[in-house]
Amino acid sequence: MTWILPTRSGQYVVGEAPRGAGLVAVGWGPGADGAVPPVAATSSFEADLDLLPLEATALGTRNVHGAELVVRRADGVRGARLAVSGEVTLTRDDDGGTHLVCPLADEVLGLGVTLHVRTHPAHDVVEKWARLDNRSEQPIEVLRGWGGAFTVPTSGGARVDLLGGAWSREFTPFRAALGAGTLSIGSRQGITSHTYAPVVTVVPAGTDGGVRSAGTDGVIRSAGTDAPVRYGVALAYSGSWRMALDAVPFADHVRVSAGPDDESGILPLAPGAALTTPVLAGVRVEGDADDLAQAWHEYEATLARTRGPEHRPVVYNSWFATTFDVRVEHQLRLAAAAAQVGAEVFVVDDGWFRGRTTDRAALGDWEVDTERIPGGLGPLAEGVRKLGMRFGLWVEPEAVSPDSDLYRAHPDWAHHVDGRPLETLRHQYMLNLGLPEVEEWVLGTLRRLLTDTDITYLKWDMNRSIADGGRTAPGGDDWSWRHTQAYYRVLDMLRAEFPRVTVEGCAGGGGRIDHAVLARTDVVWPSDETGPRDRLAIQHGFLGVLPAWTMSSWVTDLPDQLDPDRESAPASLEFRFVVAMAGVLGIGADLLAWDEATRERAASFVDLYRSIRPVVHTGRVRRHGAPADPACAVQYTGPDTVVVLAWRRAGAAGLTVHLRDLDPDARYRVRGADAVRTGAALAADGLDVPWTWQDCDVVLLDRV
């Protein structure tokens, strides 16, 4: 028997495994169909269940190759031999999605595993997760608790594209060849981390990568004509995690699985207890890297509560203008300048609470400094509102300074292991959000701040990893799991109780960005690096898997740190604005240091951005070239308008962009010009960027 789960452009098909051992992936994509293929072991050293593309496996069911579930009962019984333990159901969810549920169990061990597979007609992504139930009378330790896997058919290995980096260098593309062996990425820091994004792309070896780059003449050409099948896999989890890509020698597939990190923590299941694994999402696309990006964006649109401007305002953040020197009169002067340039929300960053004059003290003491802000936040917020803007605030609820009243009162609230000295990073510790009393304190603190003052924008930051994790409660369970689940509950509270509040997720830049965060926040901060060309490179990687409507980007005065042209040809103000307009525009410069002409120039760009914001946030994204090229562009295509943002380096030739995703028979006019061209002509002959400004441009085309 087989079950068919339809997606936007195809379907995902699963069938029964031999001997009732679960489900097997049968087909994926347009026209997918079929039955479970016969598999015969070639020797006595492997079994058919090791060779079949099972939907989810356990050590004990599959013993030669890797498994997603590794468990151990208190009496020493290890592994699980899973078998279907009830009816496999395929139902239609209220939102139109298709949901398959397969009950599995090991009756000897006393473990139930309910496998879930879900698709939706709005996108091509397949979601997988599992619920684990301890039905025995003894505790069960979950040494690896991953909810499923995706089997990518290959021939002769695969190419793996991933995004890595470090603080201020997030979302850098890397490529690995995987012929045989296991490629593993992840984090042990209690957050997704800056080191790797929890998403990979797998392309079967021997197919063209579909990379498009600009030559020295500025014309962007494809590196090949073959558009391969690509598979993307992403984990929706915000704590310590691991993803494994397993290529078995002489096999015809790569298996991709992921979940909470299985090296730094154990998930204990008491008798009668249950847990649900994070969602593992996979997508199959016939096309290039931007086709895969768009498939992810379509899925991510279903995670967002809205893509409209109500939760993606033009932000002004005062951090770079004031650092810790937050004084009410200075903030209001900045607010007046921010209103002049068109900001829609004014955010007071770090330094607003008592004792916070450096980064060495006061985290955790979330009460306004009335010496610098007399009367509290209320009058300041009212002053901002009178200027026509919303009022926002920066917080770091998971952190505590050793020099704080909170830590002096509750030193046991910090992540620690008895007998080990705490490690200070950025002069601060991390609160153990997994403790119920700490979670309740954070909930109460945020409720008080948002109730006492009309705050409608909250920037949630986290400026260090959790290096002191190791214990949450007696029994030594997974501190990262408990911390992360509490983090989700706090974000869920904000969404439920304060729906007017826009939440921006940040962890020293892009240290905690994944699908679980996107489902609970409105925008995310991809990096602390705001140098324009460095930031353009970060955004290039970001847009390959994550959508523009979540990508907070600021115009600041800071120079590039890495770009080779940072001294010989620094980017213009216009360049900085066009970079920031590629996502959710913000401004973080010291506006009081700008002269009147510069502020008027900035206001014109904010007006331009507002006019194109709907297309940037909902249009189909195409990246033409890369930031390291002499020139590059990003295209956003809406039903009636096309936006092209372009950048070039000093001395670069012109840029011809062969536009894609247009209706070939429709007619388009470049705004401000008379000539009308068809979509087919714009794709074949290309669009010449006129370079309205020396190093950048914004070209708009209207369908006529």
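Thirteen residues line the second largest cavity, and among them L536, Q539, H540, V634 and W647 lie nearest its centre. A cavity here is a set of points, on a 1 Å grid over the protein atoms alone, where a 1.4 Å probe fits but cannot get out, and its lining residues have an atom within 4 Å of a point. This is a predicted model, in which local features need a pLDDT of at least 70 and side-chain atom pairs count only at pLDDT 80 or more, while totals for chains, interfaces and linings use all residues. Residues are numbered from 1 along each chain as its sequence is written, and side-chain values use heavy atoms, with hydrogens and water left out.

The pLDDT, which is the predictor's confidence in each residue from 0 to 100, averages 94 over the chain, and 96% of the residues score at least 70. Over residues 209-226, however, the pLDDT is below 50, although this stretch has 46 contacts in the model beyond near neighbours in sequence; contact means heavy atoms within 4.5 Å.

Returning to the second largest cavity, its volume is about 70 Å³, where a volume is the space filled by probe spheres set on grid points that are joined across faces, edges and corners. Helix 10 (532-543), strand 34 (620-624) and strand 35 (631-637) each supply at least two residues of its lining, and helix 10 provides the largest share, with four residues. Helices (H or I, at least four residues) and strands (E, at least two) are DSSP runs, numbered from the N terminus. The lining of the second largest cavity divides into eight nonpolar, four polar and one charged residue; Ala, Val, Leu, Ile, Met, Phe, Trp, Tyr, Cys and Pro count as nonpolar, Asp, Glu, Lys and Arg as charged, and the others, Gly among them, as polar.

The structure holds seven cavities of 30 Å³ or more, and about 100 Å³ of space lies in the largest cavity. That largest cavity is lined by 13 residues, of which V199, A234, D514, H515 and L546 lie nearest its centre. Strand 15 (196-204), strand 18 (229-236) and helix 2 (289-303) each supply at least two residues of this lining, with strand 15 giving the most, three residues. By type, the lining of the largest cavity consists of ten nonpolar, one polar and two charged residues.

Helix 2 deserves a look of its own. Twelve of its 15 residues are buried, so helix 2 is largely enclosed by the rest of the structure; buried means under 20% relative accessible area, with a 1.4 Å probe and protein chains only. Among these buried residues of helix 2 are D290, D291, W296, H297, E298 and E300. The expected span of a helix is 1.5 Å times one less than its number of residues, and the 15 residues of helix 2 should therefore span 21 Å, which agrees with the 21 Å between its end C-alpha atoms.

In helix 4 the buried residues are V328, H330, Q331, L334, A335, A337, A338 and V341. What covers them includes strand 24 (315-317), helix 3 (319-322), strand 25 (345-348), helix 5 (377-386), strand 33 (584-587) and helix 12 (596-618). Just after helix 4, G342 takes a positive phi of about 105 degrees.

Most residues other than glycine have a negative phi. S168, in the loop between strand 12 (158-164) and strand 13 (172-178), has a positive phi of about 75 degrees although it is not a glycine, and at 15% relative accessibility S168 counts as buried. W691, in the loop between strand 40 (687-688) and strand 41 (696-703), is likewise not a glycine and has a positive phi of about 55 degrees; at 10% relative accessibility W691 counts as buried.

Two further residues show how parts of the chain meet. A516 is found in helix 9 (residues 515-518) and is buried, with a relative accessible area of 6%. Leaving aside neighbours within four places in sequence, A516 is in contact with A236, Y237, S238 and Y488, and although A516 and S238 are 278 residues apart in sequence, their C-alpha atoms are 6.8 Å apart in space. T453, in the loop between helix 7 (436-452) and strand 29 (457-460), counts as buried at 10% relative accessibility. Leaving aside neighbours within four places in sequence, T453 is in contact with L377, G378, A381 and F391.

Conventions:
Buried < 20%, exposed > 50% of the residue type's maximum accessible area, 1.4 Å probe, protein only. 1 Å grid on protein atoms, 1.4 Å probe; cavity = no way out; pocket = protein on both sides within 12 Å on 5 of 7 lines; lining within 4 Å.
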